[in-house]
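Please read the following report alongside the sequence and the coordinates.

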Amino acid sequence: MFKVNNIYKKEDDEDMLNNISFRVKDNESLGIIGPHKCGKSILMDILAGVSLPSSGNVELEYQNIFNPLSFYTKKDIGYAPQEFNYYPNLTVYEFLDYVAILKDIVNKKERLLEVERILDLFDIQRLRNKLMKNLSRSYKQKINLAQAFLGNPKVLLFDEPTLGLNPVDANDTREFLKRESKDHITIVASHILPEVSSICKDLIIMDEGKIIVNDLAKNLSKDFCQRNILSVDTCGNLNDVKGKFDDYDEVLLIDYIRRDEENFTIRFELKKDTDIRKEVFRELNSLHMPINNMTLEPLTLEDLYGRLETFGEIPEAKIKADKPKVVDIKTKRLKNMEDK
Amino acid sequence: MFFKIKFLVKKELLDFLYSFKFYLFLSLYLFISGYSISNYVSTHNTTNIEGVFPNILLLIIVFVPFMCVKSMSKEYKHGGNKIITASPTTNIEIIISKFISIYLLCILGLTCNVVQLLLVRFIDVISYRLLASTFLGFAILLFGLVALNIFFATLTLNSYLNYGIAFVCNVVIFLMSYFIEYIPGLISPVYAFISLFTDIKSFWLIGKGSLYPIIHSLSIGMIFLYLSIMLSEKRWHNE
């Protein structure tokens with residue numbers, strides 16, 4: 001059991017973290033999502049014992065990791081921080097050997113076996129004699145993740161594990177973490193919602209140093225993460241288009257964003273695996289409205305925050321809103337726009 | 001603990017020995033000290049080499065802060081401080097290992113100086129006793145000096161600022177040894193305690209030392225190592 005109790009962190013008279021509490025049971029995983037500079041990295045540093053909180057504590061198996069008497073519980077925590085540019089003049093093997101020593105694997109034979117296990121696990125045997133400074137960003141990140149697994153710790157902490165990776169490597173890394181983190185308590189911090197949701201079962205959302213949505217494991221379903229946003233840039237009379245798409249089953253939310261007197265954007269939030277581009281084209285064509293741009297993209301964290309601004313929270317009922325609620329949302333958005 | 005320190009020292013040494021910059025600075029150090037020795041011997045037409053040592057001391061107070069600041073700042077630069085503090089490794093182990101590795105490298109530089117001085121033997125006779133005593137004097141002095149500079153290297157997160165502070169302080173402490181006789185009575189003991197170089201001079205001026213400078217340098221070293229550990233503990237956990 002990994003337990004975080006009322007973590008509060010103050011730096012330069014600014015509240016960096018405020019009353020953060022959660023717990024993760026054995027062999028379970030938790031994702032922490034939030035925009036840049038929301039306090040994720042500071043929290044991860046505290047969970048790893050790198051940084052001390054102003055108040056509160058972190059317990060692993062009922063032992064406070066900040067207590068000098070239980071100092072060696074740190075051995076059971078593997079941390080892959082966001083910044084990684086370690087010791088350019090060491091080879092990959094020397095670096096892993098060094099981290100193994102730091103993690104108190106003092107027996108030479110044991111350490112050798114452990115480093116070999118990690119090299120095999122991450123399929124990086126061919127890199128063992130390469131200097132760290134000669135590695136690509138992608139391989140450096142792989143080594144960063146690899147060192148966290150050294151010593152088979154109970155808790156694995158990953159801060160932005162796919163940052164700087166190309167899409168293929170990022171996907172491989174996600175799959176790998178999902179597979180390998182099963183026997184550990186895993187906490188992943190990221191600003192990419194689909195990434196966290198693909199690795200972790202439970203999710204929390206942070207903003208401005210606070211957990212703004214708690215106990216969201218079941219609420220933020222994978223269905224939500226896989227929704228698409230269709231953005232259509234057009235021009236003409238906005239009132240003509242209002243109400244045209246209300247009856248579409250695929251549409252969950254509609255946003256009308258006026259850019260100037262004539263031009264506006266219609267943003268549709270669509271259900272999982274649905275596409276209404278043809279229908280939108282037909283409707284706008286019938287209204288003689290030109291389409292300047294049309295894009296279909298997955299739902300992003302920014303969209304989620306847009307939702308948070310509207311409702312203050314993301315209750316399950318509103319996320320999985322069906323028809324009448326969609327109309328409510330549209331009305332609210334339209335009302336906001338008219339007020340402006 | 002000692003086992004871990006041994007490995008950390010090895011890693012620190014490897015990190016220095018694999019670095020191009022280290023060889024560049026070592027070459028520069030040996031070139032300047034070699035030039036200083038040969039210049040002194042030829043201009044003074046003597047193999048009485050005691051006048052060379054202040055020059056080597058000046059070099060040491062330029063290069064020791066550089067090594068200390070580099071060693072401490074690289075953890076921040078490379079993000080290694082997070083790996084270290086997340087592991088069950090104490091700041092005592094880290095600071096002591098850094099201290100030992102820098103001290104060993106300084107002894108390496110000093111040994112090269114001894115070799116350079118031995119070459120003077122080909123011109124004329126030199127005092128081996130003076131040479132051995134000087135080596136011992138410098139080794140004792142470096143103990144305090146390296147610890148002092150490790151402390152300066154942990155003062156802020158800005159490595160340039162740390163180097164500046166360390167360099168200025170080293171120069172001031174070095175110059176103190178020349179002005180100690182002009183210091184009024186009351187401040188004199190404090191002044192004498194801070195000045196690492198004053199008593200150590202006897203090692204190369206008269207070829208014999210006393211127990212006092214040894215205890216003095218070791219005490220300074222211990223005090224500043226303790227302060228460095230305390231400071232880095234605070235800094236690494238709060239930054």
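**The chains**

The model is a predicted one, and the values given here are computed from it. Chain A contains 12 helices and 14 strands, whereas chain B has 11 helices and 0 strands. Followed along its sequence, chain B accordingly reads α-α-α-α-α-α-α-α-α-α-α.

Of the 340 residues in chain A, 51% are buried, and of the 239 residues in chain B, 52% are buried. The accessible surface of chain A amounts to about 16100 Å², with 46% of that area belonging to carbon and sulfur atoms. For chain B the accessible surface is about 11000 Å², and carbon and sulfur atoms account for 74% of it.

Contacts across the sequence can be described for each chain in turn. In chain A, 69% of the contacts between residues at least 6 apart in sequence join residues at least 24 apart. In chain B, residues 24 or more positions apart supply 77% of the contacts with a separation of 6 or more.

**Salt bridges**

Side chains of opposite charge can pair when their charged atoms come close.

| Pair | Closest N and O atoms |
|---|---|
| Glu116(A) and Arg128(A) | 2.9 Å |
| Arg259(A) and Asp233(A) | 3.3 Å |
| Glu93(B) and Lys4(B) | 3.9 Å |

The salt bridge between Glu116(A) and Arg128(A) links distant parts of the chain, with Glu116(A) in helix H3 (residues 108–121) of chain A and Arg128(A) in the loop between H3 and helix H4 (137–149), 12 residues apart. Arg128(A) counts as partly exposed, because its relative accessibility is 22%.

In the salt bridge formed by Arg259(A) with Asp233(A), the partners are 26 residues apart, Arg259(A) being in the loop between strand E12 (251–258) and strand E13 (263–270) of chain A and Asp233(A) in strand E11 (residues 228–235) of chain A. The two partners fall into separate accessibility classes: Arg259(A), at 43% relative accessibility, is partly exposed, while Asp233(A), with a relative accessible area of 17%, is buried.

The salt bridge in chain B pairs Glu93(B) with Lys4(B). Glu93(B) lies in helix H5 (residues 91–119) of chain B and Lys4(B) in helix H1 (residues 2–17) of chain B, so this pair ties together parts that are 89 residues apart in sequence. Glu93(B) is buried, with a relative accessible area of 4%, and Lys4(B) is buried at 3% relative accessibility. Through salt bridges that share partners, Asp104(A), Lys4(B) and Glu93(B) are joined into one network.

**A buried lysine without a salt bridge**

What is the nearest side chain of opposite charge to Lys103(A), a residue that is buried yet has no salt bridge? That side chain is Glu114(A), which is 7.8 Å away, and a salt bridge requires a side-chain nitrogen of Lys or Arg within 4 Å of a carboxyl oxygen of Asp or Glu. Lys103(A) is placed in the loop between helix H2 (92–102) and H3 of chain A. Not counting residues up to four places away in sequence, Lys103(A) touches Lys75(A), Ile77(A), Gly78(A), Gln147(A), Ala148(A) and Leu150(A), and also Pro88(B).

**A negative patch on chain A**

Asp12(A), Asp13(A), Glu14(A) and Asp15(A) form a negative surface patch. One of these residues, Asp15(A), is placed in strand E2 (residues 14–24) of chain A. Asp15(A) counts as partly exposed because its relative accessibility is 37%.

**A buried glutamine in chain B**

Gln116(B) is found in helix H5 of chain B, and with a relative accessible area of 17% it is buried. Gln116(B) and Ile37(B) are 79 residues apart in sequence, while their C-alpha atoms are 7.9 Å apart in space. Ile37(B) is also among the contacts of Gln116(B), which, leaving aside neighbours within four places in sequence, are Leu30(B), Ser33(B), Gly34(B) and Ile37(B).

Conventions:
Residues are numbered from 1 along each chain as its sequence is written. Chains are lettered from A and ligands numbered from 1 in the order in which they are written. This is a predicted model: local features need pLDDT of at least 70, side-chain atom pairs count only at pLDDT 80 or more; totals for chains, interfaces and linings use all residues. Side-chain values use heavy atoms; hydrogens and water are left out. Patches are made of residues with over 30% relative accessible area and no salt bridge: like charges are joined within 9 Å, nonpolar side chains (Val, Leu, Ile, Met, Phe, Trp, Tyr) within 5 Å. Accessible areas come from the Shrake-Rupley method with a 1.4 Å probe; for residues, only the protein chains shown count as cover. Lys and Arg count as positive and Asp and Glu as negative; His and the chain ends are not counted. The place of a charge is taken as NZ of Lys, CZ of Arg, CG of Asp or CD of Glu. Helices (H or I, at least four residues) and strands (E, at least two) are DSSP runs, numbered from the N terminus. Buried means under 20% relative accessible area, exposed over 50%, partly exposed in between (1.4 Å probe, protein chains only). Contact means heavy atoms within 4.5 Å.
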